[in-house]
Amino acid sequence: MFAKRWPERCLRVVLSCGCLVAFVAIPCWLAGSGEAGAAPIPAHGPLIIKNQSHKVYQRLRITSSTGDCVKIIDSYDITIENSEIGPCAGNGVNISGGGDIQIFDSYIHPETLSKGCCDHNDGVYAHHTSRITVQGNVIAYGESNIEATKNVAGLVVIGNFFLNPRGPYPRGQNVQAWKASDIVVKDNYALSSLDTQKYRYAENQEDSINFGFASNIVASGNYIKGGHSPSGCGLIADEGANSAQFTANRLVDTGQCGIGIASGTDQVVEGNWVVNRNPVPKGGNTAVYVWNQYKRLPCGPVAVSNNIGTAVKQGGTLDGFSNGGGCEPVTLKDNIWGEPARKQLDPVETKLPPPLIPPGPRTCVVRSPYSTQTKWPPCD
């Protein structure tokens, strides 16, 4: 298994743009697997990377019936790319300590749902680490699909497809950054669906993208669809989330709310489009809300501008924006809410079509059951 010392190793030269990136020690039975026409790589695992640096791991097929598929411990400048990780009895990738970790163009699907909470079965679980980039992946069926917590500094999540987080509460996010700083979540497609005819497992989403006790946050250009929680949103600045910029996101039927500002200072909500057509019982059912839900923490100022938002309430009336108070000053400028917003965004399937999967690969399109991207070549 990759978790133990291999009796025989070969060196693979890893190239990027024609330049040497690293010599990577791999099992000799894998040494030729990158050649054209090579046989599919058999499943192997788990993989433990500890106290390593400047390594690239690619074309791996890793499963685990005992715990995490991949552990990256106290290591620096580690890249995992063009691989399939899952199913896993634990997390897909568990990153602790170290920094400068990159996960590119891979299919990660832990699938296991352990009893209780939390962070037993996340797609990518990062803690006590820094400078992580996750790009161009398909990540599905995690407790949360990305969970960054406990002093993560520097997280970039760009161009990925996230599918059906499974919870349970308080997990159940496609992306959650809690007790983290310097975060960019950009140009991702986050989908949550109850359709088990189309997807292996139904979603049990709380918020699709959630930030708490975090600072310096950018969430921009994301397409967020689905959710049915009476307390969850598509995108939220939650407890203690400061300096959040939510810009140019597209949200469709994300449960009882589209975008929420529930706490924090210096928040910006600008240029987003929100359509919620399916009212949730016992939910607020609004497109955008600002409300200090955590009275002991400061909230405001909040600038809300150039948004188009509409949501159907349980009685059938349309709502757009709600201010529950406690985040003053709240500045509203050039927004369109309610019925006028509905007219601008209808038909939704034409005005807010989903992106290709994954939206933004780094180098190539990962092989997964969901990939539809045609602008990049397939990884193999």
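Q: How many aromatic pairs does the structure hold?
A: This is a predicted model, in which local features need pLDDT of at least 70, side-chain atom pairs count only at pLDDT 80 or more, and totals for chains, interfaces and linings use all residues. Residues are numbered from 1 along each chain as its sequence is written, and side-chain values use heavy atoms, with hydrogens and water left out. Rings of Phe, Tyr and Trp (its six-membered ring) pair if their centres lie within 6.5 Å; planes under 30 degrees apart count as stacked, over 60 as edge-to-face and the rest as tilted. By this criterion, the number of aromatic pairs is 9.

Q: Which geometry do the rings of Tyr 141 and Tyr 201 adopt, and how many residues apart in sequence are the parts that they tie together?
A: The ring centres of Tyr 141 and Tyr 201 are 5.0 Å apart and the planes stand at 80°, so the pair is edge-to-face. Strands are DSSP runs (E, at least two residues) and helices likewise (H or I, at least four), numbered from the N terminus. Tyr 141 lies in the loop between β14 (138–140) and β15 (146–158), and Tyr 201 in the loop between β18 (189–191) and β19 (209–220), so the separation of the parts in sequence is 60 residues.

Q: Is Tyr 141 buried or exposed?
A: Buried means under 20% relative accessible area, exposed over 50%, and partly exposed in between (1.4 Å probe, protein chains only). The relative accessibility of Tyr 141 is 1%, so Tyr 141 counts as buried.

Q: Which arginine lies over the face of Tyr 201?
A: A charge sits over a ring if NZ of Lys or CZ of Arg is within 6 Å of the ring centre and within 35 degrees of the ring normal. Tyr 201 itself counts as partly exposed, at 24% relative accessibility. At 3.9 Å from the ring centre of Tyr 201 lies Arg 166.

Q: Which residue is linked with Glu 147 and Arg 171 in a network of salt bridges?
A: A salt bridge is a side-chain nitrogen of Lys or Arg within 4 Å of a carboxyl oxygen of Asp or Glu. Glu 147 and Arg 171 meet in such a bridge at 3.4 Å, N to O, with Glu 147 in strand β15 and Arg 171 in the loop between β16 (161–163) and β17, 24 residues apart. Glu 147 is buried at 0% relative accessible area, and Arg 171 is buried at 12%. The network of salt bridges also includes Asp 119.
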